Each structure stands twice: as structure tokens, then as C-alpha cells.
Amino acid sequence: MTAKNRKFPLPLSSLENKSSNRAQQSTSSLLSVATPQTATQNVRQHEVRNDEASIKNSLPHNVLQHATSTRGGGSAEVTAEHRNESHHKMVNVPIISDAPRRAMVARLVKQGVRDEVVLAAMGAVPRHQFIESGLSGQAYIDASLPIGHQQTISQPYIVARMIEIMRNGRVLSNVLEIGTGCGYQAAVLAQLSENVYSIERIKLLHELAKKNLRSLRIANLRLHYGDGMHGLPQVAPFDGIILAAAGMQIPTALLQQLAIGGRLIAPVGEKQQVLQLIERTGNADWTRSVLEECYFVPLCSGII
Ligand code: SAH
């Protein structure tokens, strides 16, 4: 399912034909259709190097202490516990109880997420702070939840999985997210990239994200209000771009703003969606891989 060395724009018809059989089998649930089975398949397809050396070499600046202390052969639960010991250093907010988040990280491991740096970031960000109080009891279950304006905070599995694929064991310096929503994924990204930019087209959600993020004091994250389809040419190129909303195709501006060697991950499609991974291999060359099925809110143009 990999189309190598194709020039963009790629014809969507080829993608639709390839994925239609699988997509027809998908559940009609409004939550993501990702399952432990698809997670396992994807781990096999996109094996992430997680040996000691690669973890050490790929440590981002702000999880360095933590990841060094968690390498080695402990169980998932032990690793998750250690991970949270350093939580307060990273985001500096009071935590009522770390147990549900530790359980979430342990579940991500079971679902096939292998990248220690991503797991550390997921263990560090208080997801309950991004969810309205009436729903915060569900903050750590594996589901997307409403955030208002007909939008959702993404399911933890899909957040971790997409970031793992985008990161691919690299140290990231410049990452762009399209679709800030409540700001959760942006906060996770800021744990593992030197600079993160996130764009939201709905003014009230942009404001909500600012409010949610204020107490976390994340200095390397910048929020923009605007149409993410245009990207942010003034701070491009990006070594990672992640879309939190699904379009019928990936905007050309975003492909152009990807650094050579960079990775973009995005849901593509309307009712039947798949995750696509784009790698820029040269000035005018990109490769595309079609990954698992997913369900995201639509990518829309313009601002409101
Ligand atoms: N990143 C969020 C998910 C937000 S849902 C999380 O942490 O869970 C996807 C978001 O994409 C919505 O808030 C929606 O308004 C936004 N969006 C859709 N099209 C967009 C566009 N063209 N530019 C910027 N944001 C967009």
C-alpha cells in the first residue's frame, strides 16, 4: 500500500480503490475504529526502533531526564510509573491522581505504541485539564470526547500512534499541528519537539486552547488562529506535520512546507477515512503510505 516517488497532487481515486474493501468492513461507531488488532498490525509494519541506543540518541530536550531513567527492561506498568515521577518537572501543574493516566499509558503499550518518548509525553500531559468538568471522569478512557463547536478531542491511542509514526525515532525541532481544538495534542507534541506551532480555524476553540494551556506554561508551543490549510510558511520547513482533521486530500501548501526527510501524517477521506503518511524524499518528491482506518472531524477551509 505504498506509493513511492510519486509527485503531488496524488490522485485520490487510487487511495479510495485500495482502501474501499477494508473501509466497508469498518464499524459505524463515531469513535475511532482503531483496535488493538490494527495497532499490532501497524507496529509490525512500522517497527519503531526502541533499543537502548536509539532511545538515548533520540531524546528530546524536555524528556531527557525521564527517558534516561526509564530505559531498560521493566514491565509496561513499571515504566509508566517511572514516567510519571518526572511529570511535575515537565508540566508543573497540580495533579489530583496520576493513576488513571498511568493506566492509560499502560494501555497504549498494550495497543502497540512502542516509542518511549511518545509514551513519556502521553504520561506527562494532564488530559483531564482539556475536557469540560462534566466529562473529566472519562478523560483517560480510550475515546474521543466532545469539546464543543461539533469538534472532539482525539482518542489517546490515535494521538500517540500518529505522533509515533510522525516522529519515527527522530529528534524533532519544528512541528506543525493543524487543528488545535482544545490544545491537548499540541501539549503532547511540545513534550517532544523543540518548537511546536498549532493552528485552529474556530476562534472560540483557539481561545479555549489558550485557556486550557495557560497553567501548563509550555514555552515552546505557539498557537495560531487561522486556516491551517495554508500552513505557516513564515516558520517552515517542518520536520513533522500532523493533521487532526480529515480532508479529501492533503493541502499542497503543507506538502511544500515539509522539510526534506520530514514526515506528515493525516487522516484522509470523508465517511471512510484512512491515515496517510507522507515522507518528503526530495525537493519535488514525496512518498505516501496508507495506514489504518480512522475517524476524524472534517478539515474545513476558512475561519469562523
Ligand atoms: N488536536 C485536537 C483535536 C481537535 S479536533 C486534540 O488535541 O484532540 C480537530 C480540529 O481541527 C477542530 O478543532 C477543527 O476546528 C480544526 N480544523 C478543521 N479544519 C481546520 C483548518 N483548515 N485549519 C485549522 N483547524 C482546522
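Modeller: What follows is a set of questions and answers about this predicted model.

Modeller: Residues are numbered from 1 along each chain as its sequence is written, and side-chain values use heavy atoms, with hydrogens and water left out. Because the model is predicted, local features need pLDDT of at least 70 and side-chain atom pairs count only at pLDDT 80 or more, while totals for chains, interfaces and linings use all residues.

Colleague: What is the mean pLDDT of the protein chain?

Modeller: The pLDDT is the predictor's confidence in each residue, from 0 to 100, and 68% of the chain's residues reach 70 or more, with a mean of 77. Over residues 1-89, however, the pLDDT is below 50. Where pLDDT is low, the predicted coordinates should not be read in detail. For the protein chain, then, the mean is 77.

Colleague: How many residues of helix α8 are buried?

Modeller: Helices are DSSP runs (H or I, at least four residues), numbered from the N terminus, as are strands (E, at least two), and buried means under 20% relative accessible area, exposed over 50%, and partly exposed in between, with a 1.4 Å probe and protein chains only. Helix α8 covers residues 116-124, and its buried residues include Glu116, Met122 and Ala124. The count for α8 is 9 of its 9 residues.

Colleague: Is Glu270 buried or exposed?

Modeller: Glu270 lies in the loop between β8 (258-269) and β9 (273-282). Because its relative accessibility is 59%, Glu270 counts as exposed.

Colleague: How much of the ligand's accessible area does the protein cover?

Modeller: The ligand is surrounded by 26 residues, and Cys300 is one of the closest. A polar side-chain atom of Glu177 lies 2.9 Å from a nitrogen atom of the ligand, and a polar backbone atom of Gly228 is 2.8 Å from a nitrogen atom of the ligand. Of the 580 Å² of accessible area that the ligand has on its own, the protein covers 100%.

Notes
Contact = heavy atoms within 4.5 Å. Near = heavy atom within 4 Å. Polar contact = N/O pair within 3.5 Å; in protein donor to acceptor, adjacent residues only side chain to side chain. Areas by Shrake-Rupley, 256 points an atom, 1.4 Å probe, with all protein chains shown as cover.
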